[in-house]
Amino acid sequence: LKQEQIKEENSVLMRDVQNLQAKLEEQTRSAQVMFIEYERTISSLMRDQNFRESVEGQANRRENVYKNQIGSLESALEQMQAKYDQLASTHQNCLNNEKIYKDNIVKCQQRTMSAEQKAAVAEQRYEALKRKAEAKINEINTQLQQQQYGQIDEKKISLLTTKLQRAEMQINSLEKESAALKHE
């Protein structure tokens, strides 16, 4: 159950990382568009330099406009850089969380293997005790059959019956223990 939860949380985190990567790519494309616009603006400013020399009043107004545009672009670039830094930090956090989840998955797998090994040992113990108990039961049954033919006295019958009951209780106890271990 924990392993399924971890897998589910891991898949949610992976989707978040993919979404963040998509957003980062989108912002990168947006930044490229701004850089192209910035270069166009600079190119336009250079072409207009000759025109500004002839018309100084008009040039001053255009210069102010361009300065405002450059300021806006620089401001936009600063904002984009801040967003990029934030996304990079988030991405790093996601990578760290992914490592933690992978480590937890490994630990859960180790615990599962340990529990399976314990169950296998308990199953082997159960089978050994069951064989021993069945052997005792067969021995007692043989002795009881011999008693029917008058070869065993009453005290031995009572002792053998008691041994039979103990063996049956031990088998029942082991079966319950095995069922509990299998259930775990």
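Buried means under 20% relative accessible area, exposed over 50%, and partly exposed in between. The model is predicted. In its chain of 184 residues, buried residues make up 20%.

Q: Why is Cys94 called buried?
A: Its relative accessible area is 8%. The cut-off for buried is under 20%. Cys94 is at 8%, so it counts as buried.

Q: What makes Cys108 buried?
A: Cys108 has a relative accessible area of 12%.

Q: How many disulfides does the structure hold, and what would count as one?
A: The structure holds 0 disulfides. A pair of cysteine sulfur atoms within 2.5 Å would count.

Q: Why is Val106 called partly exposed?
A: Val106 has 41% relative accessibility.

Q: Where is Val106, and how far is its C-alpha atom from that of Gln3?
A: Val106 sits in helix H3. The two C-alpha atoms are separated by 9.6 Å, although Val106 and Gln3 are 103 residues apart along the chain.

Q: What makes the surface patch of Lys132, Lys136, Lys163 and Arg166 positive?
A: Lys and Arg count as positive, so a patch formed by Lys132, Lys136, Lys163 and Arg166 is a positive one. Helix H3 (56-148) and helix H4 (154-183) each give two or more residues to this patch. Lys132 is found in helix H3.

Q: Which elements make up the chain?
A: The chain has 4 helices and 0 strands. From the N terminus on, the order is α-α-α-α.

How values were computed:
Residues are numbered from 1 along each chain as its sequence is written. This is a predicted model: local features need pLDDT of at least 70, side-chain atom pairs count only at pLDDT 80 or more; totals for chains, interfaces and linings use all residues. Side-chain values use heavy atoms; hydrogens and water are left out. Buried means under 20% relative accessible area, exposed over 50%, partly exposed in between (1.4 Å probe, protein chains only). Patches are made of residues with over 30% relative accessible area and no salt bridge: like charges are joined within 9 Å, nonpolar side chains (Val, Leu, Ile, Met, Phe, Trp, Tyr) within 5 Å. Accessible areas come from the Shrake-Rupley method with a 1.4 Å probe; for residues, only the protein chains shown count as cover. A salt bridge is a side-chain nitrogen of Lys or Arg within 4 Å of a carboxyl oxygen of Asp or Glu. The place of a charge is taken as NZ of Lys, CZ of Arg, CG of Asp or CD of Glu.
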